[in-house]
There are 2 protein chains.
Amino acid sequence: MEHIARDADVAPVASLIADPTRAAMLTALLGGRALAAGELARVSGVSAATASAHLARLLDGRLVDVERQGRHRYYRLAGHEVAEVLEALARISGRPPVRSLRQSRQARLLEEARTCYDHLAGRAGVALLDRLKEGGYYAAHDLTDAGERLLSGLGVDVTGARGSRRRFAPECLDWTERRAHLGGALGAAITGVLLERGWLRRGAVPRSVVLTDEGGRGLSALFAGKELTSGTPVT
Amino acid sequence: MEHIARDADVAPVASLIADPTRAAMLTALLGGRALAAGELARVSGVSAATASAHLARLLDGRLVDVERQGRHRYYRLAGHEVAEVLEALARISGRPPVRSLRQSRQARLLEEARTCYDHLAGRAGVALLDRLKEGGYYAAHDLTDAGERLLSGLGVDVTGARGSRRRFAPECLDWTERRAHLGGALGAAITGVLLERGWLRRGAVPRSVVLTDEGGRGLSALFAGKELTSGTPVT
DNA sequence: GTCACCTTTCGACGCCGGGCGAAATGTCGC
DNA sequence: GCGACATTTCGCCCGGCGTCGAAAGGTGAC
């Protein structure tokens, strides 16, 4: 995130992102799910022909990967480095243009819980980070020893995440809540475990996830257990 | 680096970077120094008129700041977030087009030591990270307790750097050495202290820095002192 | 005040690239 | 094999933007 490996010329890739249609496609793919060419044409508001041309250019520029499945072609972002470019760009970009009503209806569904590329965001993501902080598991952008034990016990590969090239455990402002939630390699690892365990399930709307009943029980047990030892029970 | 604060419209900013002339200007500014409009026109190979138009757009897009000084106008990147966008883009960009002879002559001067935006790179940056690792001051993308004491004693604000929104202490491949060096908030803080102490001095070529005699003595004393306690002296 | 220099503004030119509809290619279901 | 559907290819139009030279706006040196 901090340094260039060589003095690469940055313009061609930026040019790919610079077109509003392609930017909409890439932003849609930030949810981490692969989308078919037709879906991408719809979300970006262009004809299938136009979308196809754009996707060909994104593919040529190695910003997306494609997977053929029958008569569909599913496109996904070509790795988290690409997602990080988009996120870095978003961080210095102004507020978005007005959104359609359909989109704002879907937005409400995303408030409760959603993923951003590959980690948990939304109200659930904010709550998770709050619990980690309250319980003394997380401080100063890092896990405490207690936090490391807690998550390792849950099945999260903490040391693997720490060795990743990505930021380990950054806090980021949430889209809807205006509060911090957990991202980075650790956020992704946690989300992966929650999905594996069935504590979290992907929803119908792209990027949305729901906390299952089992997940609710599991998480409150997890944090309640610790809260007993630290003295301040929380429901 | 990991998450978008809101679903910002990323295309306009990308569009600013997408033009080769503006990209050359921004890349030149990655050295961290402010450059005059005329210099930027020269490094990007366009007329003063064209450069002026580009700089006006970059200014309008908040990618650069300007400082008037007499009849010159010095432009600089508008914060490290902008640098991080460029670096993230460079990471997924292909290799650069062939460079001019003049540039490759200057490149040799940069091999020994240089800064990348605000932290130490080049051979000296690689050597610094090597020493930190050998001495047990740095491991797994983080300072050890010993490293924290060592750098705090030198005057580096380690806790301040850890609280920063930037990655704390990422390793990155170096441009010339193909080896890792230290970046991020910690890399910047260290470089700042070295410059304050006069151990490092900015050179004539933009982005280049030289290790002063005093700096050479200071650093070897710093690491030699530790090496005595850890058992393996290094000259 | 006058000259020299750096920078910006103005006006005009050229071209690249995104847009679409229609037709071609490919794949599934029967 | 045939029709329905998803996707790509082709041909064409059009707007926006990067480019420059010339001239104007400011600033420092003397």
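These notebook entries record what I looked up in a predicted model.

**Conventions.** I number residues from 1 along each chain as written, letter chains from A and number ligands from 1 in the order written. Local features need pLDDT of at least 70, side-chain atom pairs count only at pLDDT 80 or more, totals for chains, interfaces and linings use all residues, and side-chain values use heavy atoms, without hydrogens and water.

**Sheet of chain B.** I took strands (E, at least two residues) and helices (H or I, at least four) as DSSP runs numbered from the N terminus; two strands pair if DSSP finds at least two bridges between them. I found 3 strands in an open antiparallel sheet, ordered 1-3-2. Strand 1 (35-36) and strand 2 (64-69) of chain B each have a single partner strand, so one side of each is left without a neighbour in the sheet. I counted 6 bridges between strand 2 and strand 3 (residues 72-77) of chain B; among them, B:Val64 is partnered with B:Leu77.

**DNA strand D.** I called a residue near the strand if one of its heavy atoms lies within 4 Å of it. Of 22 such residues, A:Gly38, A:Tyr75, B:Thr50, B:His54 and B:Arg57 come nearest. Sugar and phosphate make up 76% of the atoms of DNA strand D within 4 Å of the protein. Helix 4 of chain B gives the most to this surface, with 4 residues.

**Phosphate oxygens.** I noted a backbone N or O atom of A:Gly38 at 2.8 Å from a phosphate oxygen of DNA strand D, and one of B:Ser47 at 3.3 Å from a phosphate oxygen. For B:Arg68, a polar side-chain atom lies 3.1 Å from a phosphate oxygen of DNA strand D.

Technical notes: Polar contact = N/O pair within 3.5 Å; in protein donor to acceptor, adjacent residues only side chain to side chain.
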